[in-house]
Amino acid sequence: MKRTELFTKTSKTTPAGEVAKNAQLLIRAGYIHKEMAGVYAYLPLGLRVLENIKQIVREEMNAIGGQELSMTVLQPRDVWEKTNRFDDAVVDNWFKTKLKDGTELGVGLTHEEPVVDALIPYVSSYKDLPLSVYQIGPKFRNELRAKSGILRGREFVMKDMYSFARNQAEHDELYEKTAAAYTKIYDRLGIGAETYRTAADGGYFTERFSDEYQTLSDVGEDTIYVDKAKKLAINKEIYTDENLVKLGLNRQDLVEEKSVEVGNIFPLESKYSDALDLYYTDERGQRQSIIMGCYGIGVSRIMGAIVEKFADEQGIVWPVAIAPFKICLINVGTDENVVKFTINLYKKLQEKGVEVLWDDRVDVRPGEKFADADLMGIPHRVVVSAKTLAQNSVEYKARTSEETLILTIDELLKKIACI
RNA sequence: CGGGGUGUGGCGCAGUUGGUAGCGCGCCGCGUUUGGGACGCGGAGGUCGUCCGUUCAAGUCGGAUCACCCCGACCA
């Protein structure tokens with residue numbers, strides 16, 4: 001894409017009223033637009049990042065047999081009455097609305113009940129199970145106080161998967177398979193090294209732990225105790241000797257860290273399936289309960305967490321896998337040969353399928369282009385100038401490095417091929 | 001929801017004892033510039049969050065209200 005075709009601009013000033021680094025940088029660089037407290041629109045650059053994250057999540061969910069669907073934002077009251085969760089006294093962060101005739105509706109904050117309800121026509125035999133369905137979409141939660149930019153919004157993007165198993169053993173298998181997929185996802189997103197599977201409270205209806213995926217960050221709202229060697233952690237909320245024994249963790253191996261919850265998985269047992277009358281008939285004709293699991297990943301929150309983790313004084317630093325563009329191509333000056341060379345390189349990169357942003361602005365000095373490339377966090381910078389042209393080369397610099405390299409086009413292509 | 005703070009051109013801000021709004025960035029035009037956010041000259045752009053009140057006169061004083069931010073509580 002050409003920079004002159006992108007309607008967003010960058011800003012030198014930090015927006016007043018945003019304290020969170022993720023929101024400050026994402027707004028300055030033109031990724032998001034604040035609509036109101038806790039509600040942000042995704043502009044072209046931001047949407048690209050969001051879609052890249054979604055795609056990685058989608059691929060890994062598909063790889064373990066998840067079937068993608070899309071549930072509705074508007075939800076009928078009756079399915080929620082079956083689990084007594086429509087009541088504000090039970091779930092206090094609902095957004096609710098009404099039909100013209102006065103019928104109360106919920107605005108989706110999670111989807112256990114509707115998903116179970118939707119499966120009723122299709123699941124009745126042991127032959128129909130096991131089964132996992134997931135969706136990636138908006139969630140609405142009426143938080144008393146929005147804060148931390150896109151880390152805690154009232155409207156946010158989440159992937160939620162629900163698994164349905166015939167018995168506990170089968171559930172456990174699905175659960176661990178999903179846990180393994182989560183590890184892959186965080187690795188691919190570039191935060192695997194500092195993201196820990198963290199034991200947490202399983203909820204009031206189960207004796208089991210749930211698992212949170214916590215990525216280390218100073219701005220995190222959670223405190224966890226990490227065993228780096230075992231790559232496991234325990235949330236402060238359940239940090240007791242009894243639980244440490246259950247988890248096989250030793251106090252002296254644990255380090256206290258602040259972290260952001262970027263996903264969680266937890267066992268639901270048969271709470272929702274039973275409540276909504278979703279059962280199956282086994283081989284012997286007996287009616288049986290279905291064991292469920294629920295698996296969330298905060299897609300938009302991850303975007304914010306990654307900004308928080310990797311940003312430096314110059315701006316955002318995206319991991320290559322989710323960057324809106326892999327390369328920022330900059331021509332220095334408007335010398336005819338430089339421009340011609342740049343256009344050819346731009347076309348060649350596009351032909352190779354490389355997502356490239358060419359800063360083709362003619363009235364902007366190089367320093368500003370460099371500063372913008374840094375602020376936007378594009379992982380690779382390629383500069384064409386009279387100087388590089390004299391060597392029939394380009395200058396390459398990684399966002400995370402101070403070192404610049406002079407490369408021929410072939411060398412550049414080789415370098416980005418392994419990106 | 002409790003406590004604290006802030007609302008003034010697109011963005012960031014200043015505005016004295018009340019006297020009818022200014023700066024920087026950005027934007028438009030012309031010219032000089034072109035390897036780390038250039039410079040000169042000339043422009044455009046604001047019913048000062050909203051409403052009510054006090055006053056000859058309100059960005060400025062009083063009240064209400066809305067919004068935003070911070071701390072706390074809350075966060076399937």
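In this predicted model, helix H10 is the leading contributor to the surface near RNA strand B, giving the most, with 8 residues. Helix H10 spans residues 366–376. Two other elements also give two or more residues to this surface: strand S13 (255–269) and helix H11 (386–390). In total, 45 residues lie around RNA strand B. The nearest of these are Ala16, Gly17, Ala37, Gly367 and Ser385.

A helix pair was examined next. Two packed helices are described by the angle between their axes and the distance between the axes. Helix H2 covers residues 44–63, and helix H5 covers residues 168–189. H2 and H5 pack at an angle of about 155°. Their axes are 10 Å apart. An angle over 145 degrees counts as roughly antiparallel, and H2 and H5 are therefore roughly antiparallel to each other. The crossing of the two helices is right-handed. On the H2 side, the contact is made by Ile53, Ile56, Val57, Glu60, Met61 and Ala63. On the H5 side, Ala181, Lys184, Ile185, Arg188 and Leu189 take part. The residues of this contact comprise 8 nonpolar and 3 charged, with no polar ones.

The model also contains an open sheet of 5 strands. Strands of a sheet pair through backbone hydrogen bonds, either parallel or antiparallel. Here the pairing is mixed, and the strand order is S18-S17-S19-S20-S21. Strand S18 (356–359) and strand S21 (404–407) form the edges. Each of these edge strands pairs on one side only. From one strand to the next, the twist averages 25°. Strand S17 (residues 327–331) runs parallel to S18, and 4 bridges join the two. Within this pair, Leu329 stands opposite Trp358 of S18.

Two helices lie across strands of the sheet. Helix H9 (residues 336–351) lies across S17, S18, strand S19 (380–384) and strand S20 (394–398). H9 runs at about 165° to S17. Helix H12 (residues 409–417) lies across S17, S19, S20 and S21. H12 runs at about 20° to S20.

Terms used:
Residues numbered from 1 in each chain as written. Chains lettered and ligands numbered in written order. Predicted model: local features only at pLDDT ≥ 70, side-chain atom pairs only at ≥ 80, totals over all residues. Near = placed C-beta within 6 Å. Axes fitted to C-alpha atoms, helices over the stretch in contact; angles between N-to-C directions. Parallel < 35°, antiparallel > 145°, perpendicular 65-115°, else oblique. Left-handed = near helix turned anticlockwise from the far one by under 90°. Contact = placed C-beta atoms within 7 Å. Nonpolar A, V, L, I, M, F, W, Y, C, P; charged D, E, K, R; others polar. Pairing = 2+ DSSP bridges.
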